[in-house]
Amino acid sequence: MTNQVANDSLGGASGRPNLFTPIALGPYTLPNRIVMAPLTRNRAGAGNVPSDLAVEYYRQRASAGLIFTEATQVSPQGVGYPNTPGIHSAAQVDAWRRVTDAVHDEGGRIFLQLWHVGRISHPSLQPEGALPVAPSAIKPEGDAVTFEGMQPFVAPRALETVEIPGIVAQYRNAAAKALSAGFDGVEIHAANGYLLDQFLRDGSNRRTDAYGGPIENRFRILREVTQAVIDIWGQDRVGVRLSPLNRFNSMSDSQPEATFRYAARELGAMGLAFLHVVETTTLDGSDPRRVDRAQIAKDFGGVYIANGGYDKARASEAVANGGSDLIAFGKPYIANPDLVERFVKDAPLNTPDPATFYGGDHRGYTDYPSLGSAKSSDAA
Ligand code: PHB
């Protein structure tokens, strides 16, 4: 088996990389191209503190080339769902330290995803019952997930121009806390209809100040946040996640190609460790339309991480011939802590159970079996 992996990692006769070819990412050498995508699991405890179970959950998945944590709030204002973790309090830092230690003990690498939900929240989740904040006072369609069940979204409060430095400071503070919690790097969540994406796309940004209007302005807050995070971490341990076509959370843009080619070029010029792209138009990937990967990867010019409904075959093709350096897997990582080993062996995958994706206990979280643990008595 060891020889098989070694041969595979050379990319076989083609000389092209495959999923098991090591790759440099900033100062790190990742042993494979298989990434655990950021996954909201809603199991944090009181005070939005990661639970003991989270330590075990991430430890189990440490053979990934790289782990992204679930989206993690930069501030109390950044909260949009029950039981999601933060990285703004001392208790949160202590809990995340246990996670990073566990992953490092197993030889893995873990980046924290920095998150502010903007308008995808509800007064019942906000400090003092305040309105959620956003670039513009445009209500998303649908319902917020609250402790009292689903409740209609409200129209958010448009941020004043003078408040933007305070938002940037939330990211700076959270980035510093992520560093002290022992993470290997951070990803800035600018995808899927949350705050920074709300600024980028013109369907949710109708501002007339320096943060709205042309893409140069709509990109400005992401540039300032990225620079603030780079000031803490260095450019080679910071990446950004974008979702140019994803309509989730009532998102739209009149010129997605121009908007996101600009963002990719500008982020590339900042020398980031990677660009991570949700390539699909919906979170479930049911619509076959996708981002033009070759173009956005070229515009960025650095390490490109693809995400969106990949299986092993499509991932292998994207890495060998499709211009992607790494592939982030979501649902397969929920159900297969040893996804790398299963791909190496072409072993069958466990099936994820959607009933336990969001919230609950260890069931559907830390109890998916690894190959070695499943029915080991039968194997004898
Ligand atoms: C979610 O909680 O549904 C969620 C969170 C972050 C994302 C996407 C979905 O990027």
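**A ligand in its pocket**

The ligand here sits in the largest pocket. On a 1 Å grid over the protein atoms alone, a pocket is an open set of points with protein on both sides within 12 Å along at least five of seven lines, and a molecule sits in one if more than half of its atoms lie within 2 Å of its grid points. Keep in mind that this is a predicted model: local features need pLDDT of at least 70, side-chain atom pairs count only at pLDDT 80 or more, and totals for chains, interfaces and linings use all residues. Residues are numbered from 1 along each chain as its sequence is written, and side-chain values use heavy atoms, with hydrogens and water left out.

**Around the ligand**

**Polar contacts (N or O pairs within 3.5 Å)**

- Side-chain atoms of His-189 and Asn-192 each come 2.7 Å from a ligand oxygen.
- For Thr-40, the side-chain N or O atom is 3.3 Å from an oxygen of the ligand.
- On its own the ligand exposes 270 Å², and the protein buries 87% of that (Shrake-Rupley method, 1.4 Å probe).

**Aromatic pairs (ring centres within 6.5 Å)**

- The count comes to 14 aromatic pairs.
- Tyr-28 and Phe-111 pair edge-to-face (planes over 60 degrees apart), at 6.2 Å centre to centre and 75 degrees between the planes.

Technical notes:
A polar contact is a pair of N or O atoms within 3.5 Å; within protein, one must be able to donate a hydrogen and the other to accept it, and residues adjacent in sequence count only if both atoms are side-chain atoms. On a 1 Å grid over the protein atoms alone, a cavity is a set of points where a 1.4 Å probe fits but cannot get out, and a pocket is an open set with protein on both sides within 12 Å along at least five of seven lines; lining residues have an atom within 4 Å of a point. Rings of Phe, Tyr and Trp (its six-membered ring) pair if their centres lie within 6.5 Å; planes under 30 degrees apart count as stacked, over 60 as edge-to-face and the rest as tilted.
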